[in-house]
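Open the structure in your viewer and keep the selection tool handy. We will walk through it one stop at a time.

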Amino acid sequence: MEEVCEGKEFSFPREEENVLSFWKEKDAFKTQLKRTEHLPEYIFYDGPPFATGLPHYGHILAGTIKDIVTRYQTMTGHHVTRRFGWDCHGLPVENEIDKKLNIKKREQVLEMGIDKYNEECRSIVTRYVEEWEKVITRTGRWIDFSNDYKTMDLPFMESVWWVFAQLFDKNLVYRGFKVMPYSTGCKTPLSNFEAGQNYKDVPDPEIMVTFPVIGDQDNAAFVAWTTTPWTLPSNLALCVNAKFVYVKVRNKYNGKVYVVAESRLSALPADKPKANSANADSKKPNPKAKGGAKPDSAADSYEVLEKFDGASLVGKKYEPLFDYFSDFASEAFRVVADNYVTDDSGTGIVHCAPAFGEDDYRVCLENKIIKKGENLVVAVDDDGSFTERITHFSGRYVKDADKDIIEAVKAKGRLVKTGSFTHSYPFCWRSDTPLIYRAVPSWFVRVEQLKEQLLANNAQTHWVPDYVKDKRFHNWLDNARDWAISRSRFWGTPLPIWISDDGEEVVVMDSVEKLEKLSGVKVFDLHRHHIDQITIPSSRGHEFGVLRRVDDVFDCWFESGSMPYAYIHYPFENKELFEKNFPGHFVAEGLDQTRGWFYTLMVLSTALFGKPAFRNLICNGLVLAEDGKKMSKKLQNYPPPLEVIDEYGADAVRLYLINSPVVRAEPLRFKKEGVLGVVKDVFLPWYNAYRFLVQNAKRLEIEGSAPFVPTDLAKLQSSNVLDQWIHSATQSLVHFVRQEMDGYRLYTVVPYLLKFLDNLTNIYVRFNRKRLKGRTGEDDCHIALSTLYNVLLTSCKVMTPFTPFFTETLYQNLRKACKGSEESIHYCSFPEAEGTRGGRIEQSVTRMMTIIDLARNIRERHKLPLKTPLQEITVVHPDADFLNDITGRLREYVLEELNVRSLVPCNDTLMYASLKAEPDFSVLGKRLGKSMGLVAKEVKEMSQQDILRFEEAKEVTFAGHKLEQTDIKIVRVFKRPDGLKDTEIDANGDGDVLVILDLRADDSLYEAGVAREIVNRIQKLRKKSGLEPTDTVEVYIESMDKDECALQQIVKSQEQYIRDSIGSSLLPSSLMPWHAGVIAEESYENVSKLSFKISLARPALMFNEEAILGLYSGDAKLASGLQTYLLSRDQWNLKSEFQAGHGKISVSCIEKFPAVTVLVGEHVYLTVGEYFLTKRNNIA
């Protein structure tokens, strides 16, 4: 393995760029596909976006989810074809061209020619393809752009024709009139799910209008309320609710007589008499009167003349407001009844314009005011302007005409009340213009007929989160209406329907071949301008003329719903591939697609095959700006995606997105700081654990060992408890991630990984530093390093689908230690959970960390730093196995981490604590209801013995309710031993384990405390000097006190601890040779009442001058020359020569010097530390 830099110098984005270059060089994605082509297929459907806009965080989120799942499925033994797709047709494209060419009306397109218009559309479809590929590739997603599919390609369009033809043959298609949401901006009807995508709170007029009752003796008039004055010219009926009570009332001040629902009388204006007389003045309210004066109400202004039920009004005729539809007078302008009329607003009487309201159309049809068919008069054209029939407002845009229509109503004396109110109103999701409801002829799929089958198929699918499937999507299917699939537009897949002039003959094309055969024309493109002119001779004979194609094109949602078949040109190609693997295994898109793509996929697959289109689905929420608003280029309220990736890396963005509520279909407020948090909390600790492994493996090489080769995991046997624990924890990680990924729960993985990395760095690496640094022997060091290597390698493989760049970076260095490794981590299989996981050891280590945390909290409460040694810690817990682990295998870690001399176990939970039981109200409240109070009282009154019995039995019954461990909290309250103060002994617990610390000062602990202070100063000085952990230095100490004995005594008594901590002996400054290269030194005063100076120096040679003189028979000049020669040599090269010579070298290269053999430990010492230990041992 090669050396790696410090975490602060490691650039995640730069390394990702290097990985991208590596993947490109190896053609890694295609290589992976090639290597897995013999494996079972995993079918993933990628919903096609439009390439007319740039990718945003929503696309990156969906792409990340798709990439994670497909990478995981590849690693678990599947062949996963991933082809990018483009939605090329429909409103988004046409809207762009309309803006570019300033097209306002349909006629303008026909004037310029459909061919020119469509080619303009085609020219912008792939405008941003390069940008999309750049962004998607930079995020780490592997998907095939070179073999992409486009909905405008002939093979795709031909399959769409086939889909429609199947539905037509099954009698699931019909042509009809339907009132639909209509976009005047885009000149086309919208599906119900499209209409729900862009609601805004806007002000609209509200008016009450009179319709005089013909033949009424009191000259009464029906009063209707509307918020769409522009529909009044098309009024054909009034609708009441047969069950409501209606009243005829006379205004007390102007004599006018109105008919309204009794419950809505208060909605009429409360008229007042003119204040022009003394009488009027005398009736002014007295503001000082008790309770104040009540304003006049509608009830005060009107006299009730008559009451009757709504049914009695049916059939009554009224005077129309306008005469534009006088030709309908024999059937229209009468009262009908229906239950859709409510009394929560308006007057209880609804004006009906059948061409502009879904209920209006239905009611007028049922009451024979209009006839079923395509001859309904729609007095508003495709551009949203009145037709010539509405003579006074002809050519006016309907919304612009509202004010003038209100003025016309007022001029006729028919206006009762006018005002404005704000409500939520649908706007076109593309043109951002207000929608109107308008009757349009369209081709429909009979979705209502399929409802039960749709619901049954939905039940077969697996969704994450499941509530979107069970509630939102289920409800949408349950209320599904027939789907209008045609659009009277230009740029789209044309409907493959050819009809004779008399309408008697209909031919539907299911293939290009059929069209060519029937028409005799060769077809190369299926767009309108290539096929509209193609006619088919009538099968009935020449005299019946020819069949011509209907003008409409498909709604682009029909195309995207056909994607599972059309992207592989089914059934014309890939028949076996499709039929073996349908339904597809996986889809993923945003929450808005429950009414869009998910819906159309389900409808078409159910209609075609009686099956759902997919088996598994992940539904994500919306990515919002930090302020909670929709991300907007205009507002610039979010950082550009590539800017964030270039700063923190794509892996950090990926993890940030999937570790958020957005993967549970909830909204996410995107914060750049959140991505930085992922770098700090996930990647830096992960990198530091990896770097620690590499540093210490390289240290072995530097010290003369062979390059590090880890022991294979299968052969790795260790008696070390933390080796066993981290191996078990790694297997638990593998098991957990497999389990969650198989369930498509991506959002649970990152929190688990965070905990795993925290355990790896803060428990395994931290507690095993001595072993990993080789201070417990070379064999033990190799076991520890092999364990860490295997853990890092396994965790990298586990996280490969999530963080493809970082895991590749680590793997490329790790693989150098093992021959025969795969060339890329993305060619590796996902790890299997091997062997049994040590549940007990994992629990014991978790409890150990709890003990350490509890004890640290006690220290913090008493302001006792960890450098201050304490005499004793007592651990109280009833589990004997746990206490055995803590006092046995884990004891040394607890004592060292807490700086405590001894650990005492105690399984008598009542020796140091009294027990108290508390009911968990959050758990029991809903379950017990009214019994909660009684049960809570019983729980709180449980005695010590009752609680102990409950802990053993794990259940108890009160008032007929069985309670388990999760229902009752057991609190241990510390009982301080008699005679001891809270400053002398204290405890902390978490309800499971109790920790007691003896806080009393002990002179025997003083020296250990000072030793910790010295080690702390040495480590800080190393860091300050910029030394790496693998940099070898010698450490010298010099007392600055008059009495040097105290410091010398501490250094001597704590020698072993200090050497273990700093990796070498702490040397007296008097031993520092003149040639030692000092790196840093610093003086410290009044550290535990001692003052001293620490010096860090490069390792230096020490000579046994007497022995060297002996080599040259006492010749001091030659002896000095040998020393000068050895000092001139590179320290590491010299060390290597001595190792190669088994501790000796021959020196014969000094001119005019006799050859001599120099021995380590006899003539020379390679470090001052070696010299110091040898001399001290000789004295001993």
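This tour of a predicted model visits a sheet, some salt bridges and a pair of helices.

**Stop 1: the sheet.** Select strands β4, β3, β14 and β16, which form an open sheet in the order β4-β3-β14-β16 with antiparallel pairing. Look at the edges, where you will find β4 (188-189) and β16 (483-484); each has a single partner strand, so one side of each has no neighbour in the sheet. Now highlight residues 173-183 (β3) and 435-445 (β14): these antiparallel strands are joined by 11 bridges.

**Stop 2: salt bridges.** The structure has 73 of them. D382 sits in the loop between α12 and α13 (398-411), 56 residues from R438. Which of the two is buried? R438 is, with a relative accessible area of 7%, while D382 is partly exposed at 25%.

Next, show K200 and D432, with closest N and O atoms 2.8 Å apart in their salt bridge. K200 belongs to β5 (residues 199-212) and D432 to the loop between β13 (415-426) and β14, so this pair ties together parts 232 residues apart in sequence.

**Stop 3: two helices.** Select α25 (residues 721-742) and α30 (residues 839-861), whose axes come within 9 Å and cross at roughly 110°. That makes α25 roughly perpendicular to α30. Show side chains at the contact, including W725 of α25 and V845 of α30. The contact residues divide into six nonpolar, two polar and one charged.

Definitions and conventions: Residues numbered from 1 in each chain as written. Predicted model: local features only at pLDDT ≥ 70, side-chain atom pairs only at ≥ 80, totals over all residues. Heavy atoms only, no water. Axes fitted to C-alpha atoms, helices over the stretch in contact; angles between N-to-C directions. Helix = DSSP H or I, 4+ residues; strand = E, 2+ residues; numbered from the N terminus. Parallel < 35°, antiparallel > 145°, perpendicular 65-115°, else oblique. Contact = heavy atoms within 4.5 Å. Nonpolar A, V, L, I, M, F, W, Y, C, P; charged D, E, K, R; others polar. Pairing = 2+ DSSP bridges. Salt bridge = Lys/Arg side-chain N within 4 Å of Asp/Glu carboxyl O. Buried < 20%, exposed > 50% of the residue type's maximum accessible area, 1.4 Å probe, protein only.
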